[in-house]
Amino acid sequence: MRIGVMGGTFDPIHAGHLVAASEVAYRFELDRVVFVPTGQPWQKSDRLVSPAEDRYLMTVIATAADERFVVSRVDIDRSGPTYTVDTLRDIRSLWGEDHDYHFITGADALADILSWREPEEALRLAHLIGVTRPGHVLEDPGFAPGRITLLEIPALAISSSDIRSRVARGAPIRYLVTPGVEAYIAKVGLYDA
Ligand code: NAP
């Protein structure tokens, strides 16, 4: 199989993430996309990240109706900071070593992965795909010809930070997130001011 691994904080998961995963699945002929919400937040000193269980449940709710999409707990069940090389090792050991893996994430986050923790090993374990908002530029790290692809996804004009601030000021988030995620945010009171 050709398997996508979609890593993100997903606080909350929004329509841009779903469009990005769907578009990458189409372009790279993926059979499955495994969404992996991050565990213990790190490099987020500027704000509190919502509890992992809330982010996990929103990801399950948002992806439930798409037969290509599944959600994994590997990052939220592993203690310590989330490193992509560990995510890929865990997913490969659960799903099998013989598949063709594609790790998908935001291009800014991809730049961090390439400057942290065993980037060569991460690139050996998966093809890396950085999905970008229009206009973003990522420098080629130079050591991985053909192992990194950038894809511009116009729907990524939607961002989790904008959704959080919209909820806090009482602005609508309808259509930016799925109806189930909208209901979950209201029920739990996530992002309320
Ligand atoms: P982030 O810093 O919260 O996000 C950076 C940017 O990328 C934001 O604009 C974000 O938009 C976007 N983004 C994040 N995930 C995305 C996705 N799956 N699809 C589309 N856009 C996405 O990044 P993060 O969430 O902490 O990290 C993303 C992934 O990279 C995680 O799997 C994380 O474990 C991994 N990571 C690994 C390392 C490492 O191994 N050293 C370092 C950094 C990140 P939204 O806020 O709208 O999503």
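1. A residue counts as near a molecule or strand if one of its heavy atoms lies within 4 Å of it. With that in hand, look at the ligand in this predicted model: 25 residues surround the ligand, and the closest are Gly7, Thr9, His17, Thr84 and Arg133.

2. A quick word on ground rules. Numbering runs from 1 along each chain as its sequence is written, and side-chain values use heavy atoms, with hydrogens and water left out. As the model is a prediction, local features need pLDDT of at least 70 and side-chain atom pairs count only at pLDDT 80 or more, while totals for chains, interfaces and linings use all residues.

3. Now for what the shell is made of. By class, 10 of its residues are nonpolar, 12 polar and three charged (nonpolar: Ala, Val, Leu, Ile, Met, Phe, Trp, Tyr, Cys and Pro; charged: Asp, Glu, Lys and Arg; polar: the others, Gly among them).

4. Which side chains have an N or O atom at 2.9 Å or 2.7 Å from a ligand oxygen? For His14 the distance is 2.9 Å, and for His17 it is 2.7 Å. Ser160 uses a polar backbone atom instead, 2.8 Å from an oxygen atom of the ligand.

5. How much of the ligand's accessible area does the protein cover? On its own the ligand has 870 Å², and the protein covers 88% of that (areas by the Shrake-Rupley method with a 1.4 Å probe). Strand 1, strand 4 (100-106) and helix 5 (107-115) each give two or more residues to the shell. Helices (H or I, at least four residues) and strands (E, at least two) are DSSP runs, numbered from the N terminus.

6. On to the rings. Rings of Phe, Tyr and Trp (its six-membered ring) pair if their centres lie within 6.5 Å; planes under 30 degrees apart are stacked, over 60 edge-to-face and the rest tilted. That rule gives two aromatic pairs. Phe10 and Phe35 have ring centres 5.8 Å apart and planes at 45°, so they are tilted. Phe10 sits in the loop between strand 1 (2-8) and helix 1 (15-27), and Phe35, 25 residues apart from it, is in strand 2 (residues 32-37).

7. Phe35 also pairs with Phe69, edge-to-face, at 5.0 Å centre to centre and 65° between the planes. Phe69 lies in strand 3 (residues 69-71) and Phe35 in strand 2, so this pair ties together parts 34 residues apart in sequence.

Definitions and conventions: Polar contact = N/O pair within 3.5 Å; in protein donor to acceptor, adjacent residues only side chain to side chain.
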